Amino acid sequence: MSTFVRDQWYVAAYGREVGRDLFARTILGEPIVFYRTVAGEVVALADRCVHRRYPLSQSRLDGDNVVCGYHGFTYDTGGGCVFVPGQSRIPRTARVPAYPVVERDSFVWVWIGDNDKADESLIPRAPWLADPGYTTVSGLEPLKARYELLVDNLMDLSHETYLHGGHIGTPEVANTPITTEVDEDRGIIYVSRHMDDAACPPFYAKSTGIEGRITRWQDIEYHPPCLYLLHSRIAPVGVLPEADGNDPDGFHVEVVYAITPETEHSTHDFWAVARDFALGDQEVSDFLAESNRTVVLQDVVALDILEQVIQAEPEGYQELSVNIDTGGLAARRILKRMAGERTKAAVK
Ligand code: FES
Ligand SMILES: [Fe+2]
């Protein structure tokens, strides 16, 4: 069984996906309908009419209100019913839940949990995605696997060597040890792998134009449950940042994943690649978009298989963990703690 962490912000969509059409997406098992008001604000309501459960996403907008496609119950942006056919009295309970939403860093974030606790300042940031100093390519792939499998996958990049050879994997990734740190108070997990002298995989050779071997740094920063950042630095071998931190000769790629559970056994796998070089080069953008999508789909195929394996196995199967799993194990521990904290708070 998957462990959902509630009372958290989750990426529900890219801002570009939400417009004046009603848009359905299930987040943590909750069907939600999204749309923009005439003024452009994003609204999120439970996607189930209070009357006979008809999906509001199958309905229509009238200005900023949603008119149910079955019998016409009409809801405002706060989920309150403003019209019931055939009577002037509107029952007090005629409303659907509304979800807090915030648009930030190109994402639409939705709060899943107790609305009173929705604090915008808790939303982790991915500022590169909406920064003119970076060029970003991004996408979203459906994953038929529990979100924990994607967390495991992203926390241990040694799999790049085996699953993504020929794209982003080279022998040095699997062969270079990692360092793992956990900020227990803020619940953030850091995993770093610095390769001083590594082969340059096609993903970086073609996009940066570097020929020959590279210094390759991978610095992961996971903000459970939803946001995963991989700060990737590429430079010719021996080229390091200056003493003051400036890094004019390094190529920087910010790889961002938003890991949003859809159901207990499926996940929205949002991915974005932001770079600080070749900003206006469409060929580089097309190459990175195609390449990263290929890599993401390689993970999707593997994780979909793993989900089936897990569902078919008897209770009590014991995995074996080794050094490369340190980050993944820390993530599991923090996620468990977050899920547990909420359960404890709920019984108080
Ligand atoms: S189901 Fe929506 S109005 Fe009847
Ligand atoms: Fe991968």
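In this predicted model, W109 is in contact with W9, Y10, V11, A12, V101, V102, R104 and I123, leaving aside its neighbours within four places in sequence. W109 also belongs to the largest nonpolar core, which holds 82 residues. Within this core, W109 is among the residues that touch the most other members, together with Y10, A12, F34, V108 and V110. Strand β16, residues 251–263, contributes the largest share of the core, seven residues. The core also spans the domain division, drawing at least three residues from each of domain 1 and domain 2.

The domains themselves come next. Domain 1 covers residues 8–121 and domain 2 covers residues 128–343. Their C-alpha centres lie 33 Å apart. Where the two domains meet, 13 residues of domain 1 are in contact with 12 residues of domain 2. On the domain 1 side, β1 (8–14) and β2 (23–27) each supply at least two residues. Of the elements on that side, β1 gives the most, with six residues. By type, the domain 1 residues that touch domain 2 comprise eight nonpolar, four polar and one charged.

One helix remains to be described. Which residues of α1 are buried? They are Y147, E148, L149, L150, V151, D152, N153, L154 and M155. A residue is counted as buried if 20 or more other C-beta atoms lie within 10 Å of its own. Helix α1 runs over residues 147–155, and because nine of its nine residues are buried, the helix is largely enclosed by the rest of the structure.

Terms used. Residues numbered from 1 in each chain as written. Chains lettered and ligands numbered in written order. Predicted model: local features only at pLDDT ≥ 70, side-chain atom pairs only at ≥ 80, totals over all residues. Core = buried A, V, L, I, M, F, W, Y, C linked by C-beta atoms within 7 Å. Buried ≥ 20, exposed ≤ 12 C-beta atoms within 10 Å, placed from the backbone. Helix = DSSP H or I, 4+ residues; strand = E, 2+ residues; numbered from the N terminus. Domains from an automatic or database assignment. Contact = placed C-beta atoms within 7 Å. Nonpolar A, V, L, I, M, F, W, Y, C, P; charged D, E, K, R; others polar.
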